[in-house]
Amino acid sequence: SCLVGSEMCIRDSIMAIIQAELQQHDHAIETINQAIKKDPKDQRYYNSKANILMRQQHIEEAITTLKQALKIQPNYSIAHNTLGRCYYQKNDHSKALSHYKEALVIDPDFVDAQYNYALSLVCTEALEEAISQLKKVIEQAPHHVKAYGLLGEAYLAISQYKLASETYLKRIDLQPQHANSYYSLGITALH
């Protein structure tokens, strides 16, 4: 355990994240493995490692790593959300939805899990439920640009052109440089 050296473990974890951002994935994995070696019971390090592995497209290894995190802390909502993202990348939406749901049972206000859940719902064409979920995301995070975009797409898919148009206008308000929002708004104007 890293009780005395917990600052060192946190430093290692932060360093791994920075290395990953700089595309130094091998160094990032090495650094996070050092943190895990120092404190193998801290589930956060496994989640960090899984995120780095996902960037490298090592999805199966990321899944295995996240399962280790969940053995340590079964109610770790962040690992469930990350595991959902892994399954989403594999186009296994039923497993993705299952892990997003689990994350939301643990933490109903977890905005990233709410959005990811809605994204998988859209992919499975469960549009009404996705719309409901996206409204919750926007209620909790009124500046969540991606949620407005996905909500607009869902409205468009069910031919709710007026609602789609209003939603795209809100997204444009938040992110005026987003060209796809203008394009999508134009599509709504054709109907």
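Helix α10 (residues 161-174) packs against helix α11 (residues 179-189) at an angle of about 160°, the two axes lying 9 Å apart. Axes are lines fitted to C-alpha atoms, for helices over the stretch in contact, and angles run from 0 to 180 degrees between N-to-C directions. The helices themselves are DSSP runs (H or I, at least four residues), numbered from the N terminus.

This is a predicted model, in which local features need pLDDT of at least 70 and side-chain atom pairs count only at pLDDT 80 or more, whereas totals for chains, interfaces and linings use all residues. Residues are numbered from 1 along each chain as its sequence is written, and side-chain values use heavy atoms, with hydrogens and water left out.

α10 and α11 are therefore roughly antiparallel, a term for angles over 145 degrees, while those under 35 degrees count as roughly parallel. The crossing of α10 and α11 is left-handed, that is, the near helix is turned anticlockwise from the far one by less than a right angle. Contact (heavy atoms within 4.5 Å) joins Y161, A164, S165, Y168, L169, R171 and I172 of α10 to S181, Y182, S184, L185 and T188 of α11. These residues divide into seven nonpolar, four polar and one charged. Here Ala, Val, Leu, Ile, Met, Phe, Trp, Tyr, Cys and Pro count as nonpolar, Asp, Glu, Lys and Arg as charged, and the others, Gly among them, as polar.

| Pair | Angle | Axis distance |
|---|---|---|
| α5 (77-89) and α6 (93-106) | about 165° | 8 Å |
| α5 and α7 | roughly 25° | within 10 Å |

The α5 and α7 angle makes these helices roughly parallel; α5 and α6 are therefore roughly antiparallel. The crossing of α5 and α6 is left-handed, and that of α5 and α7 is left-handed. Towards α6, α5 presents S77, H80, N81, L83, G84, R85, Y87 and Y88, which meet H93, K95, A96, H99, Y100, E102, A103 and I106. By class, this contact of α5 with α6 has seven nonpolar, six polar and three charged residues. Towards α7, N81, R85 and Y88 of α5 meet D112, A113, N116, L119, S120 and C123. The α5 with α7 contact has four nonpolar, three polar and two charged residues.

The largest pocket is lined by I78, N81, T82, R85, F110, D112, Y115, N116, L119, H144 and K146. The elements giving two or more residues to this lining are α5 and α7 (111-123). By class, the lining residues are four nonpolar, four polar and three charged.

Terms used: Angles under 35 degrees count as roughly parallel, over 145 as roughly antiparallel, 65 to 115 as roughly perpendicular and the rest as oblique. On a 1 Å grid over the protein atoms alone, a cavity is a set of points where a 1.4 Å probe fits but cannot get out, and a pocket is an open set with protein on both sides within 12 Å along at least five of seven lines; lining residues have an atom within 4 Å of a point.
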